[in-house]
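Hi everyone, and thanks for making time this morning. Let me put the structure up, and then we can walk through a few parts of it together.

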Amino acid sequence: MFIDLVRKARSHRGFRQDRPVTRQELGYLVECARYTPSARNDQVLKYYLANDPETVARILPLSKWAGALAELHLPRKGAEPAAFIVICLDSMLAENPAPYQRDVGIVAQTMLLAAAEMGLNGCMIGSFAAGQLRETLNLPETMKPQLLLALGAGTDRIVLTDVREDGKTTYYRDENDTHYVPKRTPEQLILNK
Ligand SMILES: Cc1cc2nc3c(=O)[nH]c(=O)nc-3n(C[C@H](O)[C@H](O)[C@H](O)COP(=O)(O)O)c2cc1C
């Protein structure tokens, strides 16, 4: 069932080091993104693909992971992602990025689902130093990084739970490093009974 893939496509913040992500695999993810809906069909998003360890190591310190678990400093040393896709807005095609934020979400989730189907995992990273990233990747000033997609073979143990009556949605970990992600229930989500 499709829902199994959606459930599998969790945000992982630790990755195996013996499973590289190839340029071909990254290209396939862009191929998937290419066919997604786009506001006015403007297709203003472009992609920087990074899978060599040196470039990945330059991107990583510019990204912020798991703000709610900052004390864990994820990803841990030796559990770094194998690749990044930097989703950029080409400002030569659109000056104002605001109308295209939905496009960013659509391509990111499509790529994450495709990765999950390939046995890979990832994490969307919206918290990163966009200016420094553009500089370190030698991207032109017109190319505006919007979102990072970190990729690799994930190692996190993740359990989905229901949001309880206290309404808390913050993810958390127990002493065994199991990562819990509360999700609102259908009863909490559907407005009309
Ligand atoms: C637009 C967007 C931006 C995100 N940015 C970050 C981020 O900067 N760092 C991070 O560790 N996770 C980030 N995440 C991942 C969320 O924290 C994650 O989706 C949430 O904890 C729920 O976990 P799940 O994806 O497994 O359902 C982001 C997710 C989305 C959709």
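Let me start with a question: is Arg16 buried, partly exposed or exposed? Arg16 counts as partly exposed, at 42% relative accessibility. On this scale, buried means under 20% relative accessible area, exposed means over 50%, and partly exposed is in between, with a 1.4 Å probe and protein chains only.

A quick word on what you are looking at. This is a predicted model, where local features need pLDDT of at least 70, side-chain atom pairs count only at pLDDT 80 or more, and totals for chains, interfaces and linings use all residues. Residues are numbered from 1 along each chain as its sequence is written, and side-chain values use heavy atoms, with hydrogens and water left out.

Back to Arg16. Its side chain meets that of Asp18 in a salt bridge, with N to O at 2.8 Å. By salt bridge I mean a side-chain nitrogen of Lys or Arg within 4 Å of a carboxyl oxygen of Asp or Glu. Asp18 is exposed, with a relative accessible area of 57%.

How many salt bridges does a search of the whole structure find? The search finds nine. Another of them joins the side chains of Arg34 and Glu31, at 3.2 Å from N to O. Both residues lie in helix 2, residues 23–34, and they are three residues apart, about one turn of the helix. Helices (H or I, at least four residues) and strands (E, at least two) are DSSP runs, numbered from the N terminus. Arg34 is partly exposed at 49%, and Glu31 is partly exposed at 33%.

Now compare that with Arg173 and Asp156, which form a salt bridge whose closest N and O atoms are 3.3 Å apart. This pair links distant parts of the chain, 17 residues apart: Arg173 is in strand 6 (residues 172–173), and Asp156 is in the loop between strand 4 (143–152) and strand 5 (158–162). Arg173 is buried, at 15% relative accessible area, and Asp156 also counts as buried at 15%.

Three strands form an open sheet in the order 5-7-6, with mixed pairing; strands pair if DSSP finds at least two bridges between them. Strand 5 and strand 6 are the edge strands, each pairing on one side only. Strand 6 and strand 7 run antiparallel and are joined by two bridges, and Tyr172 stands opposite Tyr180 in strand 7.

Last stop, the ligand. Which residues are the closest to the ligand? They are Arg10, Ser11, Arg13, Ala66 and Lys183, out of 14 that surround it, where near means a heavy atom within 4 Å. Strand 3 (121–125) and strand 7 (179–183) each supply at least two residues of that shell, and strand 3 gives the most, with three.

Let me finish with some distances there. A polar side-chain atom of Lys183 lies 2.7 Å from a ligand oxygen atom, and one of Arg13 lies 2.8 Å from a ligand oxygen atom. On the backbone, a polar atom of Met124 is 3.0 Å from a nitrogen atom of the ligand.

Note on methods:
A polar contact is a pair of N or O atoms within 3.5 Å; within protein, one must be able to donate a hydrogen and the other to accept it, and residues adjacent in sequence count only if both atoms are side-chain atoms.
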